[in-house]
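I opened my notebook on a new structure today.

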Amino acid sequence: MELFAEGLSVVGAMLLSVSCGLLLEELLFGGLVRLFFARQRVPSVATERKGTGEKPC
């Protein structure tokens, strides 16, 4: 039983290290950093639709 617990802890440690490595790789090279730190687009005055008196149908 002690051997089973030791083997389970080894497998758990390996899975944890692999998942942390994949997460770090995804954050650095997968584009999530660009997604998190992307600037919000602010609509400019020229592209906003001004009220010209026309009403949509």
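How many helices and strands are there in the protein? I found two helices and zero strands. Helices here are DSSP runs of H or I with at least four residues, strands are runs of E with at least two, and both are numbered from the N terminus.

I noted that this is a predicted model, where local features need pLDDT of at least 70, side-chain atom pairs count only at pLDDT 80 or more, and totals for chains, interfaces and linings use all residues. Residues are numbered from 1 along each chain as its sequence is written, and side-chain values use heavy atoms, with hydrogens and water left out.

Next I looked up α1. Helix α1 covers residues 2-29, 28 residues in total. I read 41 Å from its first C-alpha to its last, close to the 40 Å expected at 1.5 Å a residue. That expected span is 1.5 Å times one less than the number of residues. Gly31 follows α1, with a positive phi near 95°.

Then I checked Met1. Met1 sits in the segment before α1. I logged Met1 as exposed because its relative accessibility is 82%. Exposed means over 50% relative accessible area, buried under 20%, and partly exposed in between (1.4 Å probe, protein chains only). Of the protein's 57 residues, 2% count as buried.
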